[in-house]
Amino acid sequence: MSRVSMYETLMSLPLFNGVSAEKLSLSLEKIPLEFSRIAKGDALAHEGDACEALQFLLKGEAIVRRRLFSGSLIMEQRVGAGSVFMPENLFGLYTDYNADIVAYTAASVMSISKHKYLEMLGMDRVYQVNLLNYLSYKCQVRSMHLANCLSDRLMDFCKRMWHGIGDRRAVSTTFQAEMETFVKLTGLDMQSIQRQIVNLTNAGYASSTTDGNTLRFTLHRMAD
């Protein structure tokens, strides 16, 4: 990656919004960044690992796999370039990754250690504001989406999980659970869930597979 394109990529990331190339260049002269090439299928992090650095996906795609509701629901999101992996877990009482992150394709990743990121936050107020905005957004969107009541649409449940827990910019989101788990979590009966999946699939919003008991449902884009 050329120096110019690297700056353009960094300035497009949420935690670097509004930072000029000149300021970014000055910061990078003092703060060493680590660039890695990750092979398809290799892990970037495992659930329970200590989150000791910010990881930015510069090229390629990754799968973020979360086990929710005591593991009864698996949510997998395919994310692309520009994603930052769980900066909200860098500080606070819980500083472990809460998901497995695996390269879906060959990928390029940039890392900044927690110690060096703290130094960067002290260099320019813009870095601080970006982090506060990001953390505030995460808190607010979870309150907005997860506080909503059950509805009569499977899509509404998926939106709450996608936006409330995951990455709203994800390429796609896959939910996997036993059919009875979907019934309990959505408040819908099994026939309604099956009917809505067929309708979403026919409309091009989703795809699904099932072995008769376990449903794997992938939402490719949102419906109103």
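Me: What makes strand β7 (residues 107–113) count as mostly covered?

Reply: Six of the seven residues of strand β7 are buried, where buried means a relative accessible area under 20%, exposed means over 50%, and partly exposed lies in between (1.4 Å probe, protein chains only). Strands here are DSSP runs of E with at least two residues, helices are runs of H or I with at least four, and both are numbered from the N terminus. The model is a predicted one, in which local features need pLDDT of at least 70 and side-chain atom pairs count only at pLDDT 80 or more, while totals for chains, interfaces and linings use all residues. Residues are numbered from 1 along each chain as its sequence is written, and side-chain values use heavy atoms, with hydrogens and water left out.

Me: Why is Ser111 called buried?

Reply: Ser111, which has its place in strand β7, has a relative accessible area of 13%, and because this falls under the cut-off of 20%, the residue counts as buried. Leaving out residues up to four places away in sequence, Ser111 touches Leu33, Glu34, Leu54 and Gln55, a contact being heavy atoms within 4.5 Å.

Me: How do you know that β7 pairs with strand β1 (residues 34–38), and what is said of strand β3 (residues 53–59) and β7?

Reply: Two strands pair if DSSP finds at least two bridges between them; β1 and β7 have five bridges, in the antiparallel sense, so they meet that definition. Strand β3 and β7 are also antiparallel, over six bridges. Within these pairings, Arg37 stands opposite Ser108 in β7, and Gln55 stands opposite Ser111 in β7.

Me: What makes the pair of Phe16 and Tyr127 edge-to-face, stacked or tilted?

Reply: A search of the whole structure finds three aromatic pairs. The ring centres of Phe16 and Tyr127 are 5.9 Å apart and their planes stand at 85 degrees, so this pair is edge-to-face. Rings of Phe, Tyr and Trp (its six-membered ring) pair if their centres lie within 6.5 Å, and planes under 30 degrees apart count as stacked, over 60 as edge-to-face and the rest as tilted. Phe16 lies in the loop between α1 (3–11) and α2 (21–30), and Tyr127 lies in helix α4 (residues 125–146), so the pair ties together parts that are 111 residues apart in sequence. Both values of relative accessibility, 2% for Phe16 and 1% for Tyr127, belong to buried residues. Ring pairs also link Phe16, Phe56 and Tyr127 into a cluster.

Me: Why is the pair of Phe157 and Phe175 called tilted?

Reply: The ring centres of Phe157 and Phe175 are 6.3 Å apart and the planes are at 50 degrees, so the pair is tilted. Phe157 in helix α5 and Phe175 in strand β8 (residues 172–178) are 18 residues apart, and the pair links distant parts of the chain. Phe157 is buried at 4%, and Phe175 is buried at 0%.

Me: How do you know that helix α5 (residues 154–164) is mostly covered?

Reply: Eight of the 11 residues of α5 are buried, among them Leu154, Met155, Cys158 and Trp162. For Cys158, the relative accessible area is 1%.

Me: How do you know that Cys139 is in no disulfide?

Reply: A search of the whole structure finds zero disulfides. For Cys139, the nearest cysteine sulfur, that of Cys51, is 15 Å away, whereas a disulfide needs a pair of cysteine sulfur atoms within 2.5 Å. Cys139 has 53% relative accessibility and therefore counts as exposed.

Me: What makes the buried residues of α6 line one face of the helix?

Reply: The buried residues of helix α6 (residues 179–186) are Met179, Thr181, Phe182, Leu185 and Thr186. Seen down the helix axis, they fall within an arc of 155 degrees (taken from the directions from the axis to the C-beta atoms), so they line one face of α6. They pack against β5 (73–79), α5, β8, α7 (190–202) and β10 (214–219).
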